[in-house]
Amino acid sequence: MTNKTVFFWAFVVALGGFLFGFDTAVISGAEQSIQQYWGLSEVQHGLTVSIALIGTVFGALGGSIPSDRLGRRSTLLLVAAIYLFSAIGTALATNWYLFLLCRFIGGLGVGASSVTAPVYISEVSPAKYRGRMVALFQFNVVFGILVSYLSNYLIGMGGDSSWRLMLGIQAVPAGLFLVLLKWVPESPRWLLIKGLREPAAIATLKKINPEGYMSDIETIRQSKQVQASQVQSEKLFTAKYNTPVMLAVLFAMFNQVSGINAIIYYAPRIFEMSGLGEGSSLLSTVGIGIVNFIFTLTAIRFIDRIGRRQLMLIGTIGLIATLGLVAVSFYMHTGGIAVVSYLLIYIAFFAFSQGAVIWVFISEIFPNQVRAKGQTLGSFTHWIMAAVIAFTFPYLASRIGGGHIFLFFCVMMVLQLVFVLRWMPETKGRTLEEIEMTMVVH
């Protein structure tokens, strides 16, 4: 029963990931209709598509502030309200500027949820199951992407005005998220570090770990005492946190220079570049969503068995091979079917490794005092790189071609392999405080 209770908390919070994925991908089905509806120029159209991503960068950058000051649960309630407002606002927007504002606000929610949800789940999960429970967040991200693709396809049959329903339907899961958070407690680690509602924190820890909760309480208190004089003004960018900062920044950077967002955002364009027709390209995009979903689910089953580092080694080797094959296909003009096949395999390797590991790993490697700030750093780096890739891909694709672009992604994955082999530690099966002892210079 206890494990079911904790799983329920993690599952509810991971719904923030579903909304994250849905909000990110839903615009792909509506953007052409929106351009026609308001008669947007190419620059205005580009801003319309990317405005939520810009909001995501700011949401990730500021995500640790409410998370640290108000608490994890309170921040998630705010995120749920933002998603709900954005969905309704974009569906009912009477002019382009209001639409941009609502999409930007939705992006703030995406960025904040990418900081707070993994942190919360990591703080309430037993060490034995923490990997798969935090990976629920990424599972819900890809599930949200898949549902948005299918929703767009079904709703798109309704005509040119169906874009409003495509965007507005997100209000349903957003409202459900807001209601279900009522049964989720505040993070016990946050409460103990802040010296608030200690009986409630202890009661929650007892549900999480009935046999060892007293030991957990003691280690949290010891962690607090080590830096008691600095808790209120603890800074992330100090020498003692160099290792987790380096790991988070490099991990988030490599996640994006793998080319994943270029493929997710521009899959139809890539497939058309390779020679497929428009209809086949759209169908292949749905295939990417399905493969992403299946292999993320598979990764959740293995992340606590074989570990984060092993998944990254397997995945990185697969990414190097598939990206190299895609580059060769573009250079040799071998046809669209080959590119689709290689990219579907690429998505499988990505989902099985980086896609599942990133939010787990970054949420684990920072100590209690700066965990939200560390998650913010990782998320901010991730979204900045995502913005760079999303903004530059169409221009580069038209100027230098697909071969050079995918060769670059392939070379970046070779560097990632070096990073994993030399610097990435294994964190499976260890408490957050045990990880802290090996990451931080005291």
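Okay, so a residue is called buried when its relative accessible area is under 20%, exposed when over 50%, and partly exposed in between, using a 1.4 Å probe and protein chains only. Gly71 comes out at 0% relative accessibility, so Gly71 counts as buried.

A quick word on what we're looking at. This is a predicted model, where local features need pLDDT of at least 70, side-chain atom pairs count only at pLDDT 80 or more, and totals for chains, interfaces and linings use all residues. Residues are numbered from 1 along each chain as its sequence is written, and side-chain values use heavy atoms, with hydrogens and water left out.

pLDDT is the predictor's confidence in each residue, from 0 to 100. The protein's mean is 82, with 89% of residues at 70 or more.

Back to Gly71. You'll find Gly71 in the loop between helix 4 (64-69) and helix 5 (72-92); helices here are DSSP runs of H or I, at least four residues, numbered from the N terminus. Leaving out residues up to four places away in sequence, Gly71 touches Pro66, Glu186 and Trp190, where contact means heavy atoms within 4.5 Å.

Now, how do helix 6 and helix 7 run relative to each other? Their axes, lines fitted to C-alpha atoms over the stretch in contact, with angles from 0 to 180 degrees between N-to-C directions, come within 9 Å and cross at roughly 155°. Angles over 145 degrees count as roughly antiparallel, and therefore that's what helix 6 and helix 7 are. Helix 6 brings residues including Ser113 and Ile121 to the contact, and helix 7 brings Phe137, among them.

Notes:
Helices (H or I, at least four residues) and strands (E, at least two) are DSSP runs, numbered from the N terminus. Angles under 35 degrees count as roughly parallel, over 145 as roughly antiparallel, 65 to 115 as roughly perpendicular and the rest as oblique.
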